[in-house]
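These are my notebook entries on one protein chain.

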Amino acid sequence: MTKSQRHEIILEIIKSGSVETQEMLRERLLEGGIDVTQATLSRDIKELGLIKKQDRYFVPQKSTAEIPTLIRESVNSIDHAMNMVVFKCHAGMAMAACAMFDKLGYSGVVGTLAGDDTIFIVMRSEKDAAAFVKEMQSVIFSSKKGDINAQ
């Protein structure tokens with residue numbers, strides 16, 4: 001099992017129920033056949049950015065400031081039609097950017113699909129798509145001053 005697969009499972013466990021301690025999380029992983037040391041689990045929690053509030057772990061909402069550089073540098077333009085969003089990327093960059101985007105876990109995203117230079121995102125509603133595009137254009141293109149797509 002890869003680290004990213006383990007991270008996905010940890011996120012599912014945290015999102016699906018109350019996990020109060022690292023030991024409780026480790027036990028739930030063991031129930032699923034995943035044996036990790038406390039040190040590995042501690043690193044995983046840190047890497048995933050999990051937070052503990054009111055005696056339980058939470059997956060924090062990702063802020064747009066946390067958009068990884070790979071996504072910022074890969075995307076050329078963003079647009080939407082109805083509830084569908086399209087990111088146009090540099091050739092060969094869409095799959096890596098999409099995989100990284102998926103890890104951010106934005107609410108309202110139903111699913112993503114990537115080709116060589118295009119990321120297709122299905123949102124729950126047209127309103128979600130419009131707001132998401134506006135937010136992503138602001139965040140991604142803020143560092144690309146003068147880019148015609150940042151309008």
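Entry 1: I began with the residues that touch, taking contact to mean heavy atoms within 4.5 Å. Ile9, Ile10, Ile13 and Ile14 in helix 1 meet Leu25, Arg28 and Leu29 in helix 2. I sorted the residues of this contact and found six nonpolar, no polar and one charged. In this sorting, Ala, Val, Leu, Ile, Met, Phe, Trp, Tyr, Cys and Pro count as nonpolar, Asp, Glu, Lys and Arg as charged, and the others, Gly among them, as polar.

The model is predicted, and local features need pLDDT of at least 70, side-chain atom pairs count only at pLDDT 80 or more, and totals for chains, interfaces and linings use all residues. Residues are numbered from 1 along each chain as its sequence is written, and side-chain values use heavy atoms, with hydrogens and water left out. Helices (H or I, at least four residues) and strands (E, at least two) are DSSP runs numbered from the N terminus.

**Entry 2: the geometry.** Two packed helices are described by the angle between their axes and the distance between the axes. Helix 1 and helix 2 (residues 22-31) pack at about 115°, and their axes are 11 Å apart. The axes are lines fitted to C-alpha atoms over the stretch in contact, and angles run from 0 to 180 degrees between N-to-C directions.

**Entry 3: salt bridges.** I then searched the whole structure for salt bridges (a side-chain nitrogen of Lys or Arg within 4 Å of a carboxyl oxygen of Asp or Glu). The search finds three.

Arg6 pairs with Asp44, with 2.6 Å between the closest N and O atoms. This pair links distant parts of the chain, since Arg6 is in helix 1 (residues 3-16) and Asp44 in helix 3 (residues 38-48), 38 residues apart. Arg6 is buried at 13%, and Asp44 is buried at 1%.

Arg26 and Asp35 form a salt bridge at 3.2 Å, N to O. Arg26 is partly exposed at 22%, whereas Asp35 is exposed at 57%.

Lys88 and Asp117 form a salt bridge with their closest N and O atoms 3.9 Å apart. Lys88 lies in strand 4 (residues 84-89) and Asp117 in the loop between strand 5 (109-114) and strand 6 (118-123), so the pair ties together parts 29 residues apart in sequence. Lys88 is partly exposed at 34%, and Asp117 is partly exposed at 30%.

Definitions and conventions:
Buried < 20%, exposed > 50% of the residue type's maximum accessible area, 1.4 Å probe, protein only.
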